[in-house]
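Reader: Please take me through one part of this model in detail. I would like the sheet and the aromatic rings beside it in the account.

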Amino acid sequence: MTDTTDRNSGVEGGVGVTALLVAAARAIETHRRDSLAQDAFAEHFVRAAPASAGWPVRGREAPGGDANPLWGRFARYFGLRTRVLDDFLLRSVRADARQVVLLGAGLDARAFRLGWPPGCVVFEIDRPGVLAFKHRVLDGLSAVPRAARVPVPADLRADWVGALTGAGFDPAAPSVWLAEGLLFYLPSAVESHLVGAVDRLSTGGSALAYEAKLEPDLLRYRDSPLYTATREQIGIDLLTLFNLEPRPDSAGALADRGWTTSVSTPFEFTHRHGRGPLPEQNDALAGNRWVFAHKPRR
(Lines give C-alpha, C1' and ligand atoms only; values in the text may rest on other atoms or scores of the structure.)
Protein backbone atom coordinates (compact mmCIF):
# COMPACT_ATOMS: atom_id res chain seq x y z
CA MET A 1 0.00 0.00 0.00
CA THR A 2 1.04 3.61 -0.21
CA ASP A 3 2.83 5.41 2.61
CA THR A 4 -0.46 7.12 3.44
CA THR A 5 -1.67 3.95 5.12
CA ASP A 6 1.19 4.09 7.60
CA ARG A 7 -0.04 7.45 8.85
CA ASN A 8 -3.64 6.33 9.16
CA SER A 9 -4.15 2.84 10.54
CA GLY A 10 -7.92 3.12 10.94
CA VAL A 11 -10.67 4.62 8.80
CA GLU A 12 -9.99 8.29 9.45
CA GLY A 13 -7.63 8.88 6.54
CA GLY A 14 -5.54 7.41 3.75
CA VAL A 15 -6.70 4.17 2.21
CA GLY A 16 -8.74 3.43 5.34
CA VAL A 17 -11.25 6.18 4.58
CA THR A 18 -12.09 4.52 1.26
CA ALA A 19 -13.77 1.78 3.31
CA LEU A 20 -16.23 4.43 4.44
CA LEU A 21 -16.80 5.46 0.82
CA VAL A 22 -17.73 1.89 -0.08
CA ALA A 23 -19.93 1.62 3.03
CA ALA A 24 -21.81 4.79 2.02
CA ALA A 25 -22.31 3.37 -1.47
CA ARG A 26 -23.64 0.11 -0.02
CA ALA A 27 -26.01 2.05 2.21
CA ILE A 28 -27.36 3.98 -0.78
CA GLU A 29 -27.72 0.73 -2.73
CA THR A 30 -29.58 -0.86 0.18
CA HIS A 31 -32.24 1.86 0.08
CA ARG A 32 -32.79 1.77 -3.68
CA ARG A 33 -36.09 0.39 -4.89
CA ASP A 34 -34.18 -1.73 -7.42
CA SER A 35 -31.40 -2.68 -5.00
CA LEU A 36 -28.87 -5.28 -6.07
CA ALA A 37 -27.46 -5.84 -2.58
CA GLN A 38 -28.63 -5.33 0.99
CA ASP A 39 -26.28 -4.20 3.75
CA ALA A 40 -28.15 -2.94 6.82
CA PHE A 41 -24.87 -2.32 8.65
CA ALA A 42 -23.30 0.02 6.09
CA GLU A 43 -25.00 3.27 7.13
CA HIS A 44 -24.01 2.68 10.77
CA PHE A 45 -20.34 2.59 9.80
CA VAL A 46 -20.72 5.86 7.90
CA ARG A 47 -22.51 7.60 10.75
CA ALA A 48 -20.03 6.39 13.37
CA ALA A 49 -16.93 7.91 11.78
CA PRO A 50 -16.09 11.63 11.97
CA ALA A 51 -14.42 11.36 8.55
CA SER A 52 -17.76 10.57 6.90
CA ALA A 53 -19.97 12.94 8.90
CA GLY A 54 -22.64 14.36 6.61
CA TRP A 55 -22.13 11.85 3.80
CA PRO A 56 -25.36 10.57 2.23
CA VAL A 57 -26.61 7.08 3.06
CA ARG A 58 -29.72 7.38 0.89
CA GLY A 59 -29.91 8.52 -2.70
CA ARG A 60 -32.24 11.40 -1.91
CA GLU A 61 -29.60 12.88 0.41
CA ALA A 62 -27.06 13.25 -2.43
CA PRO A 63 -27.05 16.52 -4.40
CA GLY A 64 -28.50 15.68 -7.80
CA GLY A 65 -29.38 12.11 -6.84
CA ASP A 66 -28.38 9.57 -9.48
CA ALA A 67 -26.97 12.34 -11.67
CA ASN A 68 -24.24 12.88 -9.08
CA PRO A 69 -21.09 11.17 -10.46
CA LEU A 70 -19.99 10.08 -6.99
CA TRP A 71 -23.20 9.13 -5.19
CA GLY A 72 -24.98 8.11 -8.39
CA ARG A 73 -22.78 6.32 -10.91
CA PHE A 74 -19.83 5.44 -8.65
CA ALA A 75 -22.08 4.30 -5.81
CA ARG A 76 -24.06 2.15 -8.23
CA TYR A 77 -20.77 0.60 -9.35
CA PHE A 78 -20.02 -0.44 -5.77
CA GLY A 79 -23.54 -1.81 -5.41
CA LEU A 80 -23.10 -3.93 -8.53
CA ARG A 81 -19.68 -5.11 -7.39
CA THR A 82 -21.11 -6.11 -4.01
CA ARG A 83 -23.83 -8.21 -5.64
CA VAL A 84 -21.49 -9.92 -8.10
CA LEU A 85 -18.98 -10.83 -5.40
CA ASP A 86 -21.72 -11.91 -2.97
CA ASP A 87 -22.96 -14.32 -5.62
CA PHE A 88 -19.43 -15.62 -6.27
CA LEU A 89 -18.77 -16.32 -2.59
CA LEU A 90 -22.09 -18.08 -2.05
CA ARG A 91 -21.63 -20.24 -5.16
CA SER A 92 -18.18 -21.21 -3.93
CA VAL A 93 -19.26 -22.23 -0.44
CA ARG A 94 -22.23 -24.15 -1.80
CA ALA A 95 -19.81 -26.13 -3.94
CA ASP A 96 -16.50 -26.97 -2.22
CA ALA A 97 -15.24 -24.21 0.03
CA ARG A 98 -16.04 -23.84 3.71
CA GLN A 99 -13.31 -21.32 4.51
CA VAL A 100 -13.81 -17.74 3.33
CA VAL A 101 -10.87 -15.32 3.46
CA LEU A 102 -11.53 -11.60 3.02
CA LEU A 103 -8.22 -9.94 2.17
CA GLY A 104 -8.28 -6.30 3.23
CA ALA A 105 -11.75 -6.85 4.66
CA GLY A 106 -12.38 -3.22 5.53
CA LEU A 107 -15.99 -2.68 6.59
CA ASP A 108 -17.22 -5.78 4.79
CA ALA A 109 -20.20 -7.18 6.75
CA ARG A 110 -20.66 -10.35 4.72
CA ALA A 111 -20.17 -12.56 7.78
CA PHE A 112 -23.29 -10.92 9.23
CA ARG A 113 -25.56 -10.43 6.23
CA LEU A 114 -25.17 -13.42 3.88
CA GLY A 115 -26.85 -16.80 4.27
CA TRP A 116 -23.85 -19.05 4.81
CA PRO A 117 -24.19 -22.85 4.79
CA PRO A 118 -23.47 -24.65 8.07
CA GLY A 119 -19.79 -25.09 8.85
CA CYS A 120 -18.50 -21.94 7.13
CA VAL A 121 -15.70 -19.92 8.68
CA VAL A 122 -15.09 -16.34 7.56
CA PHE A 123 -11.58 -14.96 8.16
CA GLU A 124 -11.32 -11.16 7.95
CA ILE A 125 -7.80 -9.83 7.43
CA ASP A 126 -7.14 -6.13 7.88
CA ARG A 127 -5.11 -3.69 9.93
CA PRO A 128 -5.92 -3.57 13.66
CA GLY A 129 -7.30 -0.02 13.54
CA VAL A 130 -9.83 -0.87 10.84
CA LEU A 131 -11.01 -4.00 12.64
CA ALA A 132 -11.24 -2.14 15.97
CA PHE A 133 -13.56 0.48 14.46
CA LYS A 134 -15.62 -2.24 12.80
CA HIS A 135 -15.98 -4.19 16.05
CA ARG A 136 -17.02 -1.10 17.97
CA VAL A 137 -19.86 -0.38 15.56
CA LEU A 138 -21.04 -3.98 15.25
CA ASP A 139 -20.87 -4.55 19.00
CA GLY A 140 -22.98 -1.44 19.49
CA LEU A 141 -25.60 -2.96 17.21
CA SER A 142 -25.43 -6.36 19.00
CA ALA A 143 -24.79 -7.83 15.54
CA VAL A 144 -24.57 -11.62 15.35
CA PRO A 145 -22.53 -13.27 12.58
CA ARG A 146 -24.23 -15.90 10.44
CA ALA A 147 -21.04 -17.97 10.17
CA ALA A 148 -18.05 -18.54 12.42
CA ARG A 149 -16.14 -15.26 12.13
CA VAL A 150 -12.42 -14.94 12.81
CA PRO A 151 -10.88 -11.45 12.67
CA VAL A 152 -7.18 -11.53 11.74
CA PRO A 153 -5.42 -8.24 12.61
CA ALA A 154 -2.57 -8.09 10.11
CA ASP A 155 -1.05 -5.81 7.51
CA LEU A 156 -0.96 -7.42 4.07
CA ARG A 157 2.57 -6.07 3.63
CA ALA A 158 3.70 -8.08 6.67
CA ASP A 159 3.35 -11.74 7.75
CA TRP A 160 -0.37 -12.09 7.20
CA VAL A 161 0.09 -15.73 6.19
CA GLY A 162 1.41 -16.61 9.63
CA ALA A 163 -1.40 -14.63 11.25
CA LEU A 164 -4.01 -16.41 9.13
CA THR A 165 -2.75 -19.94 9.75
CA GLY A 166 -2.25 -19.08 13.40
CA ALA A 167 -5.93 -18.11 13.55
CA GLY A 168 -6.99 -21.58 12.42
CA PHE A 169 -7.00 -21.44 8.64
CA ASP A 170 -6.44 -24.93 7.17
CA PRO A 171 -4.52 -24.96 3.86
CA ALA A 172 -5.63 -28.56 3.27
CA ALA A 173 -9.31 -27.56 3.07
CA PRO A 174 -10.88 -25.80 0.07
CA SER A 175 -11.24 -22.05 0.53
CA VAL A 176 -12.62 -19.04 -1.30
CA TRP A 177 -10.63 -15.83 -1.28
CA LEU A 178 -11.77 -12.28 -1.96
CA ALA A 179 -9.66 -9.17 -2.63
CA GLU A 180 -12.31 -6.52 -3.22
CA GLY A 181 -11.04 -3.03 -4.04
CA LEU A 182 -7.59 -3.89 -2.73
CA LEU A 183 -4.88 -4.69 -5.24
CA PHE A 184 -4.59 -1.31 -6.94
CA TYR A 185 -3.48 0.20 -3.61
CA LEU A 186 -0.62 -2.29 -3.31
CA PRO A 187 2.86 -2.12 -4.84
CA SER A 188 3.19 -4.56 -7.72
CA ALA A 189 5.61 -6.78 -5.81
CA VAL A 190 3.18 -7.04 -2.89
CA GLU A 191 0.35 -8.00 -5.24
CA SER A 192 2.50 -10.72 -6.81
CA HIS A 193 3.51 -12.01 -3.38
CA LEU A 194 -0.11 -12.02 -2.23
CA VAL A 195 -1.32 -13.95 -5.27
CA GLY A 196 1.51 -16.44 -4.87
CA ALA A 197 0.63 -16.91 -1.20
CA VAL A 198 -3.03 -17.52 -2.07
CA ASP A 199 -1.93 -20.19 -4.52
CA ARG A 200 0.31 -21.90 -1.94
CA LEU A 201 -2.44 -21.83 0.69
CA SER A 202 -5.15 -23.14 -1.66
CA THR A 203 -5.90 -26.77 -2.25
CA GLY A 204 -7.94 -28.06 -5.18
CA GLY A 205 -11.53 -26.86 -5.12
CA SER A 206 -10.54 -23.37 -3.97
CA ALA A 207 -11.55 -20.13 -5.66
CA LEU A 208 -10.46 -16.49 -5.77
CA ALA A 209 -12.07 -13.26 -6.92
CA TYR A 210 -10.36 -9.89 -7.10
CA GLU A 211 -10.61 -6.51 -8.75
CA ALA A 212 -7.83 -5.13 -10.94
CA LYS A 213 -7.13 -2.05 -13.02
CA LEU A 214 -5.62 -2.65 -16.44
CA GLU A 215 -5.33 1.01 -17.42
CA PRO A 216 -1.57 1.73 -17.85
CA ASP A 217 -1.92 5.46 -17.15
CA LEU A 218 -4.50 6.25 -14.49
CA LEU A 219 -3.47 9.90 -14.40
CA ARG A 220 -5.10 10.45 -17.78
CA TYR A 221 -8.43 10.24 -15.92
CA ARG A 222 -7.59 12.86 -13.28
CA ASP A 223 -10.26 15.18 -14.70
CA SER A 224 -12.89 12.48 -15.12
CA PRO A 225 -16.27 13.22 -13.49
CA LEU A 226 -15.84 10.29 -11.10
CA TYR A 227 -12.45 11.30 -9.69
CA THR A 228 -13.28 15.00 -9.75
CA ALA A 229 -16.52 14.50 -7.81
CA THR A 230 -14.78 12.31 -5.25
CA ARG A 231 -12.11 14.95 -4.65
CA GLU A 232 -14.48 17.89 -4.52
CA GLN A 233 -17.35 16.37 -2.55
CA ILE A 234 -15.60 14.28 0.10
CA GLY A 235 -11.94 15.27 -0.18
CA ILE A 236 -10.63 11.88 -1.28
CA ASP A 237 -8.11 11.98 -4.14
CA LEU A 238 -8.09 8.34 -5.19
CA LEU A 239 -5.20 8.86 -7.58
CA THR A 240 -2.90 9.76 -4.68
CA LEU A 241 -3.89 6.52 -2.94
CA PHE A 242 -3.60 4.14 -5.89
CA ASN A 243 -0.20 2.62 -6.51
CA LEU A 244 0.73 3.86 -9.99
CA GLU A 245 3.36 1.22 -10.76
CA PRO A 246 2.72 -1.04 -13.78
CA ARG A 247 0.45 -3.82 -12.60
CA PRO A 248 1.48 -7.48 -12.76
CA ASP A 249 -0.47 -10.00 -14.80
CA SER A 250 -1.89 -11.82 -11.79
CA ALA A 251 -4.50 -13.65 -13.85
CA GLY A 252 -1.74 -14.97 -16.09
CA ALA A 253 0.33 -15.99 -13.06
CA LEU A 254 -2.60 -17.97 -11.68
CA ALA A 255 -3.18 -19.64 -15.04
CA ASP A 256 0.49 -20.64 -15.12
CA ARG A 257 -0.05 -22.28 -11.73
CA GLY A 258 -2.97 -24.34 -13.04
CA TRP A 259 -5.92 -22.15 -12.11
CA THR A 260 -8.72 -21.50 -14.56
CA THR A 261 -9.42 -17.78 -14.83
CA SER A 262 -11.97 -15.48 -16.39
CA VAL A 263 -11.70 -11.71 -16.69
CA SER A 264 -14.79 -9.51 -17.06
CA THR A 265 -15.59 -5.83 -17.27
CA PRO A 266 -18.13 -4.47 -14.79
CA PHE A 267 -20.23 -3.37 -17.76
CA GLU A 268 -20.87 -7.03 -18.66
CA PHE A 269 -22.59 -7.46 -15.29
CA THR A 270 -24.51 -4.22 -15.77
CA HIS A 271 -26.09 -5.82 -18.83
CA ARG A 272 -26.63 -9.09 -16.98
CA HIS A 273 -28.41 -7.48 -14.02
CA GLY A 274 -30.10 -4.68 -15.92
CA ARG A 275 -28.62 -1.91 -13.77
CA GLY A 276 -25.25 -0.46 -13.01
CA PRO A 277 -22.74 1.79 -14.79
CA LEU A 278 -22.33 1.83 -18.57
CA PRO A 279 -19.29 3.13 -20.46
CA GLU A 280 -18.96 6.88 -20.90
CA GLN A 281 -16.42 9.37 -22.21
CA ASN A 282 -13.29 9.91 -20.08
CA ASP A 283 -14.35 6.92 -18.03
CA ALA A 284 -12.33 6.19 -14.88
CA LEU A 285 -13.94 2.73 -14.77
CA ALA A 286 -12.75 1.77 -18.26
CA GLY A 287 -9.77 -0.21 -17.00
CA ASN A 288 -11.51 -1.98 -14.14
CA ARG A 289 -11.67 -5.75 -14.40
CA TRP A 290 -13.18 -8.40 -12.16
CA VAL A 291 -11.17 -11.63 -12.13
CA PHE A 292 -12.55 -15.00 -11.09
CA ALA A 293 -10.24 -17.97 -10.64
CA HIS A 294 -10.70 -21.60 -9.65
CA LYS A 295 -8.09 -24.17 -8.68
CA PRO A 296 -9.19 -27.56 -9.98
CA ARG A 297 -9.00 -30.69 -7.92
CA ARG A 298 -6.24 -33.06 -8.96
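Author: Two strands pair if DSSP finds at least two bridges between them. Strands (E, at least two residues) and helices (H or I, at least four) are DSSP runs, numbered from the N terminus. The model is predicted: local features need pLDDT of at least 70, side-chain atom pairs count only at pLDDT 80 or more, and totals for chains, interfaces and linings use all residues. Residues are numbered from 1 along each chain as its sequence is written, and side-chain values use heavy atoms, with hydrogens and water left out.

Strand 4 (residues 175-179) and strand 5 (residues 207-213) run parallel, paired over four bridges. A179 has Y210 of strand 5 as its bridge partner. The open sheet holds seven strands in the order 3-2-1-4-5-7-6, with mixed pairing. Strand 3 (148-153) and strand 6 (260-264) are at the edges with a single partner strand each, so one side of each has no neighbour in the sheet.

Now the rings. Rings of Phe, Tyr and Trp (its six-membered ring) pair if their centres lie within 6.5 Å; planes under 30 degrees apart are stacked, over 60 edge-to-face, the rest tilted. This rule gives 17 aromatic pairs. F184 and Y185 have ring centres 5.3 Å apart and planes at 55°, so this pair is tilted. F184 and F242 are edge-to-face, at 5.2 Å centre to centre and 80° between the planes. F184 is in the loop between strand 4 and helix 8 (188-201); F242 is in the loop between helix 10 (238-241) and helix 11 (250-256), 58 residues apart.
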